[in-house]
Amino acid sequence: MKTIDFKTNIMCGACIAKVTPTLNEVVGENNWKVDTQNPNKVLSVTTKNLDEAEVVTAVENAGYKAEKLS
């Protein structure tokens, strides 16, 4: 398993609720979280086989932006 962190524009609980169905489907329930207290609104994804592009696409499909943090 690896953890990948992304900077997002997911700002609040309502935003998280909006992306939850998409991220649960693509990443898997309990394999992701968003730290809305962090200024970068960091989405942390734990995965075995997804790559960054797949996660970014899932977030964009839910109406938000994500970019890999180095």
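**Note on the sheet, its core and its cysteines**

1. Setting aside neighbours within four places in sequence, K7 is in contact with N40, K41, K65, A66, E67 and L69, where contact means heavy atoms within 4.5 Å. The model is predicted: local features need pLDDT of at least 70, side-chain atom pairs count only at pLDDT 80 or more, and totals for chains, interfaces and linings use all residues. Residues are numbered from 1 along each chain as its sequence is written, and side-chain values use heavy atoms, with hydrogens and water left out.

2. K7 lies in strand β1, residues 2–8. Helices (H or I, at least four residues) and strands (E, at least two) are DSSP runs numbered from the N terminus. K7 counts as partly exposed because its relative accessibility is 37%; buried means under 20% relative accessible area, exposed over 50%, and partly exposed in between (1.4 Å probe, protein chains only). On the β3 side, the bridge partner of K7 is V42. In β4, K7 stands opposite E67. S70 is 63 residues from K7 in sequence, yet the two C-alpha atoms are 9.8 Å apart in space.

3. The sheet is open and has four strands in the order β2-β3-β1-β4, with antiparallel pairing; two strands pair if DSSP finds at least two bridges between them. Its edge strands are β2 and β4 (66–68), each pairing on one side only. From one strand to the next the twist averages 30 degrees. Axes here are lines fitted to C-alpha atoms, for helices over the stretch in contact, and angles run from 0 to 180 degrees between N-to-C directions.

4. Taking the strand pairs in turn, β1 and β3 run antiparallel and are joined by six bridges. D5 has S44 as its bridge partner in β3. Strand β2 (residues 32–35) pairs with β3 over four bridges, also in the antiparallel sense. W32 is bridged to V45 of β3, and V34 to L43 of β3. The antiparallel strands β1 and β4 are joined by three bridges.

5. The hairpin of β2 and β3 has six residues between the strands, and K41 takes a positive phi near 50 degrees in this hairpin. K41 is also among the contacts of K7.

6. How enclosed is strand β3? Five of the six residues of β3 (residues 42–47) are buried, so the strand is largely enclosed by the rest of the structure.

7. T47 lies in strand β3 and counts as buried because its relative accessibility is 4%. Not counting residues up to four places away in sequence, T47 touches M1, K2 and I4. A polar atom of the T47 side chain lies 3.2 Å from the backbone nitrogen of N49. The backbone nitrogen of L50 lies 3.0 Å from a polar atom of that T47 side chain. A polar contact is a pair of N or O atoms within 3.5 Å; within protein, one must be able to donate a hydrogen and the other to accept it, and residues adjacent in sequence count only if both atoms are side-chain atoms.

8. The largest nonpolar core has 19 residues, and those with the most contacts inside it are F6, L23, W32, L43, V55 and V59. Such a core is a set of buried Ala, Val, Leu, Ile, Met, Phe, Trp, Tyr and Cys residues joined through side-chain atoms within 4.5 Å. Two or more residues come from each of β1, α1 (13–26), β2, β3 and α2 (52–61). The largest share, four residues, comes from α2.

9. Beyond four places in sequence, W32 is in contact with I16, V19, T20, L23, N24, V27, L43, S44 and V45.

10. As for helix placement, α2 lies across β1, β3 and β4, running at about 40 degrees to β1.

11. How many disulfides does a search of the whole structure find? The search finds zero, a disulfide being a pair of cysteine sulfur atoms within 2.5 Å. The cysteine sulfur closest to that of C12 is in C15, at 3.4 Å, which is too far for a bond. C12 is partly exposed, with a relative accessible area of 33%, whereas C15 is buried at 11%.
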